[in-house]
Amino acid sequence: VGREWVHREVLRALRQRSLAKLRRAVAPVDGRVLTRFLCRWQGLRSNRRSTTSSEGRGGSLDRLRDAIEQLEGLGLPFSALERELLPARVAGYRPSDLDELGNRGELIWVGAGARGPRDGRVALYLRDHFSLLRPPSEPLAEPSQLQTSILESLDRRGATFLPELIHEAGNPSREVFLPALWELVWAGLVSNDTLTPLRSLAGAKTRARRGGRRRPTLRTRDLTLGGRWVLLDRVACGTPSETERAHALGTSLLERYGIVSRDAAKAEAIPGGFASLYGVYGALEERGQVRRGQFVEGLAGAQFALPGAVDRLRAERLPAPTPQALHLTAIDPANPYGSLLPWPEVAESAPRPTRRVHCSLTVVDGAPVLYWTRDLKAAITFPAAQDPDLLAAALACVLERHPEFHLATLDGEPARGAALAPAFERAGLVPSYLGLSATRGRANLRPASASEGTP
């Protein structure tokens, strides 16, 4: 209410401390904070198995729709998408929920390349966004006469059931017709209004030669192809301009990651790279819809973020009071390592981790602790595994999700002789002829010895 006096040195100290506090508030965060942020931003939930959703069926469908919107246009193996990625985001996820969205006409799936005879990459789209986000289709370099007949028939008739499509093509045998059809599917030219063909393909059996070796062919009698086949060029509504496509793609990346940089565009192989989106983000920044800054250490170049994402990122600086562990598939877009950020260093004897299908990662408070190969047969430890509390929390999370598995190698060495084998045994794994084994019903902790104190 009146004039106040302060010593100039006291005022200088107040200003210096205030500026230091503000600088810390806007300082870039590290990889741990980014991982915590991405997992929450993309709605990854606890690894506890659940067969029902507390949200009810309507809430489950809404959450599934939100999850699909964040994953739109990202080519992911269908086996991982339905078994690992969507269940991690939607409590009580059921494949029938995905079918229901398709039956309502809200969902479109597009093939993005085969992965052997029984799996392939699939991109999901909400129908309202399909025309804007779908990349321009490219015709096959040398389509066969049968494939040309299929495309012409679908263009003329529209959505068509499989028997009618075979009849229009001159009634070739299924052994000849189906490989030609699936080649068009994986090229992103043809799709189906249900996901039954993808599940049928995953469950089909391959023919075996003598000696048990597999051929890359399927027994067509095992394929149950339901739904109607459609030409994707006829599904798209209109031809959006390049500016409209760039704006939709840039917005989609912001919805997926919250914070977008050159590394995100490189990880997703965006046509034209980050330069094709830079102008869009610049215009959004001028409108106040995104912020530009250096939000995360290790991300190259300029970074653009949604205002809400920046606030949530900074809120993740302080971890939870108790260690929070999460087990996620290595190819999950919520995992920044191997795409946005480099993998942490590993032991010289250990192979380098990669973002491979059905491999997984265990993080605790955002710190990567363990990398697992398929079926948990091999594990690689990161520097955070040297912290006993973090390692114990990571192993407890894995054992809750996978009560039974056999670990053969640890950091590239036989599991039983590895340096961290005692820590794995304390978590509940027991030595066996296979290495270290987790067996349902075993005690979680081994008895402590006299030198370790009271059990």
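Trainee: How many bridges join S15 to strand S17 (residues 409-410)?

Mentor: The model is predicted: local features need pLDDT of at least 70, side-chain atom pairs count only at pLDDT 80 or more, and totals for chains, interfaces and linings use all residues. Residues are numbered from 1 along each chain as its sequence is written, and side-chain values use heavy atoms, leaving out hydrogens and water. Strands (E, at least two residues) and helices (H or I, at least four) are DSSP runs numbered from the N terminus, and two strands pair if DSSP finds at least two bridges between them. S15 and S17 run parallel, and the bridges joining them number 2.

Trainee: Which residue in S17 stands opposite Ala378?

Mentor: S17 covers residues 409-410. Ala378 faces Thr409.

Trainee: On its other pairing, with S14, in which sense does S15 run?

Mentor: S14 spans residues 367-372 and S15 spans 378-381. Leu370 has Thr381 as its bridge partner, and Trp372 stands opposite Ala379. Over 3 bridges, the sense is antiparallel.

Trainee: Which residue in the turn of the S14-S15 hairpin has a positive phi?

Mentor: The hairpin leaves 5 residues between its two strands. With phi at about 65°, the residue is Asp375.

Trainee: Are the S15 side chains Ala378, Ala379, Ile380 and Thr381 buried or exposed?

Mentor: Ala378 and Ile380 point one way, Ala379 and Thr381 the other. The cut-offs are under 20% relative accessible area for buried, over 50% for exposed, and partly exposed in between, with a 1.4 Å probe and protein chains only. All four are buried.

Trainee: Which strands are at the edges of the open sheet?

Mentor: The sheet has 6 strands in mixed pairing, ordered S12-S13-S14-S15-S17-S18. Each edge strand pairs on one side only: these are S12 (325-329) and S18 (413-414).

Trainee: At what angle does helix H16 run to S14?

Mentor: H16 (residues 388-401) lies across S12, S13 (360-364) and S14. Axes are lines fitted to C-alpha atoms, for helices over the stretch in contact (heavy atoms within 4.5 Å). Angles run from 0 to 180 degrees between N-to-C directions. For H16 and S14, the value is about 45°.

Trainee: How far apart are the axes of H7 and H9?

Mentor: H7 (residues 145-157) packs on H9 (residues 174-186) at about 65°. The pair therefore counts as roughly perpendicular, the class for 65 to 115 degrees. Their axes are apart by 10 Å.

How values were computed: Angles under 35 degrees count as roughly parallel, over 145 as roughly antiparallel, 65 to 115 as roughly perpendicular and the rest as oblique.
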